[in-house]
Amino acid sequence: MKKLFSFIICALFIQIVKADIKIEFATAPADLIQQDTNVLLPAIQAPVSIYQNNIFKRRLDSIQQEVPLDYNGYVQAYIDNYMRRRDEMGRMLGLARYYFPIYEKAFRDAGIPDEIKYLSIVESALNPNAISRVGAAGPWQFMSETAKIYGLAMTDYVDDRRDPVQASVAAAAYLKDAYLQFGDWLLAIASYNCGKSNVLHALEQTGTHDFWSIRELLPAETRGYVPAFIAINYVMKYHKYHYIVPQTGNLAIVTDTIMVNKFVSLSRVAQALGMPLKDICVLNPSYRQQLVNGTAAVPRRIVIPTIDKERDKILRGAITDLNAPIPVLRPIQYVAIVPPPPPMPVRQPIIAAQQAVVGGKVITPAIHTTKRGETLLSIAALYGVKVEQLMQWNKALGNNATLPLMPGLAVNIGRG
């Protein structure tokens with residue numbers, strides 16, 4: 001599936017392709033057009049000092065769970081970009097209070113790692129009305145054919161790709177299928193952007209089985225897609241260290257759902273609740289004509305704010321009898337979602353110089369400073385040591401022997 005990247009990488013070291021993104025709101029008299037950016041991979045890696053490398057890598061290591069959060073210059077480029085967009089990242093943190101519980105439930109039910117919820121920020125900036133230049137829609141940016149495969153309806157009345165609940169269930173199902181096929185979460189994530197066939201073809205060409213080994217064979221957009229996902233994990237976890245403040249959004253409210261088995265206009269629902277039509281449309285973005293197309297055979301869900309018994313009675317009466325008058329109500333008072341408690345400080349691991357025991361003798365490693373293009377495999381060959389030993393002495397540099405290292409890093413060599 002071709003996807004929508006939502007943020008711009010620094011123009012000094014990336015190539016950019018502009019794309020029109022159409023944002024449709026049910027209450028708008030005409031389609032609103034928003035210019036956004038479909039981002040390609042940075043042409044070069046971001047320069048990273050030894051100190052920065054240790055800090056960012058250790059932080060990513062400390063939050064890594066099931067999905068590998070590898071660190072390199074490509075990841076750093078996206079971290080740098082996201083950290084410069086403080087207002088936008090603050091808005092993402094605010095929207096996450098509403099959307100992430102939806103994603104977490106869908107992923108938990110499907111057995112998908114929780115941290116993949118951040119992928120929706122890369123996909124759509126948590127905008128259920130986002131439409132990419134190639135027609136992918138919704139918070140998880142489904143193309144129509146893939147959406148049909150995973151059970152999402154698209155009719156004159158409804159586009160389930162824009163429904164946060166149903167789209168999340170479908171995204172979880174796709175990612176689960178991809179993981180079962182590839183056995184690797186980064187490959188599954190890459191396939192979400194470019195399709196399983198592209199990933200499979202690249203694996204067959206290289207004979208390898210990890211994203212970084214096939215990265216150059218993937219479409220340009222996908223080459224930056226996985227680094228962007230890793231970077232957004234970092235920013236969402238460590239935003240406070242970079243002066244990114246969560247913003248309070250209109251969606252930060254407690255909601256409930258009702259099921260209807262008839263056609264009901266959202267304007268009538270809004271009137272019965274005493275809330276603006278635009279607000280009820282924001283909570284129900286999948287209804288294309290502001291009309292809930294419920295039937296006895298297929299009831300439809302309406303998301304509403306949490307309400308008291310009086311409004312609940314009025315709402316149910318307005319739905320039961322569509323011609324009954326609705327009393328004038330005072331404006332509704334939304335119940336705000338309680339912000340999560342501040343995270344506990346993360347204890348950063350202390351990385352000490354590694355030592356090895358060779359022939360019963362403790363060897364203090366010498367230091368090799370990396371040059372551009374070097375890998376743990378090439379360095380091991382240079383010094384005549386086994387790559388397994390080199391990786392043991394340099395656990396902080398990861399477990400991928402063929403991944404190019406950033407220049408200027410200190411690599412411990414098992415020699416006195």
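Mentor: Ala401 touches Thr375, Leu376, Leu377, Val387 and Met391, leaving aside residues up to four places away in sequence. Contact means heavy atoms within 4.5 Å. This is a predicted model: local features need pLDDT of at least 70, side-chain atom pairs count only at pLDDT 80 or more, and totals for chains, interfaces and linings use all residues. Residues are numbered from 1 along each chain as its sequence is written, and side-chain values use heavy atoms, with hydrogens and water left out.

Trainee: Where is Ala401 found in the chain?

Mentor: Helices (H or I, at least four residues) and strands (E, at least two) are DSSP runs, numbered from the N terminus. Ala401 lies in the loop between helix 15 (387-393) and strand 10 (410-413).

Trainee: Is Ala401 buried or exposed?

Mentor: Buried means under 20% relative accessible area, exposed over 50%, and partly exposed in between (1.4 Å probe, protein chains only). Ala401 has a relative accessible area of 16%, so Ala401 is buried.

Trainee: How many Å apart in space are Ala401 and Ile379?

Mentor: In sequence, Ala401 and Ile379 are 22 residues apart. From C-alpha to C-alpha, their separation is 9.5 Å.

Trainee: How many nonpolar residues does the contact of helix 2 with helix 10 have?

Mentor: Helix 2 contributes residues including Tyr74 and Val75, and helix 10 contributes residues including Gly224 and Pro227. Ala, Val, Leu, Ile, Met, Phe, Trp, Tyr, Cys and Pro count as nonpolar, Asp, Glu, Lys and Arg as charged, and the others, Gly among them, as polar. The contact has one polar residue, no charged residues, and nonpolar residues numbering 13.

Trainee: At roughly what angle do the axes of helix 7 and helix 10 cross?

Mentor: Helix 7 covers residues 185-194 and helix 10 covers residues 220-238. Their axes come within 9 Å and cross at roughly 130°.

Trainee: What percentage of the chain's residues count as buried?

Mentor: The chain holds 15 helices and ten strands. Of its 416 residues, the share that counts as buried is 52%.

Note on methods:
Axes fitted to C-alpha atoms, helices over the stretch in contact; angles between N-to-C directions.
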